[in-house]
Amino acid sequence: LEERKLTLEIVKRYCKEIHYKLNQKTYYAIAFPNNENGYEIRNKYVKMCLLKKDITLIKNNQNQLKIFESWSDFISYLFLFPTNEFESDFLILNSIALLRKNIELINKYESIQAYFDHDDAGKSATNFLETELKTKVKNDSNFYKNFKDLNEFIIFEK
């Protein structure tokens, strides 16, 4: 968390510390829950999913959706805009590959803001959303355009 410049207060609201065993060794990591009761886990050495890979939808009963590739970008957004925490629903893909599978869910919203990475996969995902959902989609990644993603923006601008 220190390396990622993420605030413990916000992280504690959405993540857990998880202890797990792999090949007879015990590890711990940050765990972000997904909709299939799985966890995206991260520590200095590992980036993986425990149980089943899926999206995380955080519902605040709003008609606006903000989409992120990863939980760290979502937490970074809340760090930058703390007053926006309940003003929209949030979709964390946990893998850009889950975007197409969830297009019907995304399309239910009146307004969609995308905060994808500035790499080929993120650009392709933004183009896909804009092609599929037209004017409902807004690419809100411009304010961190000189950085790979929202979390990298926090790390270098904080």
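**Exercise 1.** In this predicted model, determine where Asp54 lies and whether Asp54 is buried with or without a salt bridge.

*Solution.* Step one places the residue: Asp54 belongs to the loop that runs between strand E4 (47-50) and strand E5 (56-58). Step two considers its surroundings. Setting aside residues up to four places away in sequence, Asp54 touches Asn34, Asn35, Glu36, Glu40, Leu93, Asn94 and Leu98. A salt bridge requires a side-chain nitrogen within 4 Å of a carboxyl oxygen.

**Exercise 2.** Decide whether Ser111 is buried, partly exposed or exposed, and list its contacts.

*Solution.* Begin with the location: Ser111 is found in strand E8 (residues 111-115). The relative accessible area of Ser111 is 21%. Buried means under 20% and exposed means over 50%, so Ser111 is classed as partly exposed. Beyond its neighbours within four places in sequence, Ser111 is in contact with Asn63, Gln64, Leu65 and Lys136. Between Ser111 and Gln62, the C-alpha to C-alpha distance is 9.8 Å, with 49 residues separating them in sequence.

**Exercise 3.** Describe the largest pocket by its volume and its lining.

*Solution.* The volume of the largest pocket is about 960 Å³. It is lined by 33 residues, of which Arg4, Ile30, Arg42, Asn43 and Trp71 are the closest to the centre. Next, sort the lining by type: 11 residues are nonpolar, 6 polar and 16 charged. Finally, assign elements: those supplying at least two lining residues each include helix H1 (8-14), strand E2 (25-33) and helix H5 (150-157).

Conventions. Residues numbered from 1 in each chain as written. Predicted model: local features only at pLDDT ≥ 70, side-chain atom pairs only at ≥ 80, totals over all residues. Heavy atoms only, no water. 1 Å grid on protein atoms, 1.4 Å probe; cavity = no way out; pocket = protein on both sides within 12 Å on 5 of 7 lines; lining within 4 Å. Points joined across faces, edges and corners; volume = space filled by probe spheres on them. Helix = DSSP H or I, 4+ residues; strand = E, 2+ residues; numbered from the N terminus. Nonpolar A, V, L, I, M, F, W, Y, C, P; charged D, E, K, R; others polar. Buried < 20%, exposed > 50% of the residue type's maximum accessible area, 1.4 Å probe, protein only. Lys, Arg positive; Asp, Glu negative; His and termini not counted. Contact = heavy atoms within 4.5 Å.
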